[in-house]
Amino acid sequence: MVKPEVEALIPLFVIYFVVAAVLAFFVMRKGKTKLNAIDWAIIGVGGALIAIADHVVGDAIFLPSGIYPIVNPPVWFRIFVFFIVAAVVRKVGVGMASMAVYDIVSDLIHFSFAGEPLWIIEDVLTYGLMIDIAVLLTKGKLFGIGMKSFALFAIAEGMILGFLFSFVHPFFTYGFIAPIVFGFVPNHERVTYLLLTYIPGDVFIGAVSAIVANRVAKVIR
């Protein structure tokens with residue numbers, strides 16, 4: 001049974017996901033290049049690696065409270081690998097497709113499909129959509145790939161995406177979907193705390209990951 005405090009917020013989140021789904025449709029329509037077989041192979045392997053980096057490698061690193069979640073290995077590793085996958089493919093659709101694979105593999109190795117399809121909707125229409133919008137706006141030159149002053153563009157894009165990613169877990173995961181799935185009332189102070197501790201780390205790792213993704217993408221493709 002959904003708690004009243006969570007139930008009151010459902011319309012707002014439903015509106016977001018409806019608007020995001022419509023936006024995702026138009027973003028896909030605007031994408032000029034289509035994903036080919038090699039792209040799908042990279043997305044498949046890359047999405048699985050994102051899940052492993054997050055839920056296997058990241059979760060294995062224990063940090064005491066006070067340091068975590070300011071330093072957040074699962075989230076940082078997710079961003080790091082996700083940026084590399086996106087930079088290698090650099091076509092509209094890579095973000096949402098990679099997050100779909102990530103979510104399915106995460107369920108296989110960690111969550112056992114509890115709460116689906118809410119989790120896949122969240123991951124695809126938040127993290128995934130944000131990356132695809134970035135690919136569309138940069139016309140495939142994600143993280144400054146193909147630009148002379150690549151470092152400036154990479155850092156700026158990485159920081160912006162890291163900042164936007166910071167809102168997903170506090171508001172969508174902890175503040176909305178997890179309470180529905182697990183039946184608890186979210187603590188508003190906890191939501192604020194998570195947001196404030198996620199932002200600095202996600203912005204930092206976003207910038208670092210964007211620079212590394214640029215270099216890796218040039219080597220691979």
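How do the residues of the lining of the largest pocket divide into nonpolar, polar and charged? They divide into 15 nonpolar, six polar and nine charged, where Ala, Val, Leu, Ile, Met, Phe, Trp, Tyr, Cys and Pro count as nonpolar, Asp, Glu, Lys and Arg as charged, and the others, Gly among them, as polar.

The model is predicted, with local features needing pLDDT of at least 70 and side-chain atom pairs counting only at pLDDT 80 or more, while totals for chains, interfaces and linings use all residues. Residues are numbered from 1 along each chain as its sequence is written, and side-chain values use heavy atoms, with hydrogens and water left out.

The largest pocket has a volume of about 610 Å³. Of the 30 residues that line the largest pocket, His55, Arg78, Phe111, His169 and Thr173 are the closest to its centre. A pocket here is an open set of points on a 1 Å grid over the protein atoms alone, where a 1.4 Å probe fits, with protein on both sides within 12 Å along at least five of seven lines; lining residues have an atom within 4 Å of a point. Grid points are joined across faces, edges and corners, and the volume is the space filled by probe spheres set on the points. At least two lining residues come from each of α3 (37-58), α4 (73-89), α5 (94-111), α6 (118-137), α8 (168-182) and α9 (188-220). Helices are DSSP runs (H or I, at least four residues), numbered from the N terminus.

Next, the packing of α6. The axes of α4 and α6 come within 11 Å and cross at roughly 40 degrees; axes are lines fitted to C-alpha atoms over the stretch in contact, and angles run from 0 to 180 degrees between N-to-C directions. α4 and α6 are therefore oblique to each other, given that angles under 35 degrees count as roughly parallel, over 145 as roughly antiparallel, 65 to 115 as roughly perpendicular and the rest as oblique. Arg78, Phe82, Phe83 and Ala86 of α4 make the contact (heavy atoms within 4.5 Å) with Tyr127, Gly128 and Ile131 of α6.

α6 and α7 (residues 150-165) pack at about 155 degrees, with axes 10 Å apart, and are therefore roughly antiparallel. Tyr127, Met130, Ile131 and Ala134 in α6 meet Leu161, Leu164 and Phe165 in α7. This contact has seven nonpolar, no polar and no charged residues.

Two loops remain. Proline 69, in the loop between α3 and α4, is joined to tyrosine 68 by a cis peptide bond with omega about 10 degrees. Arginine 90, in the loop between α4 and α5, has a positive phi of about 55 degrees although it is not a glycine.
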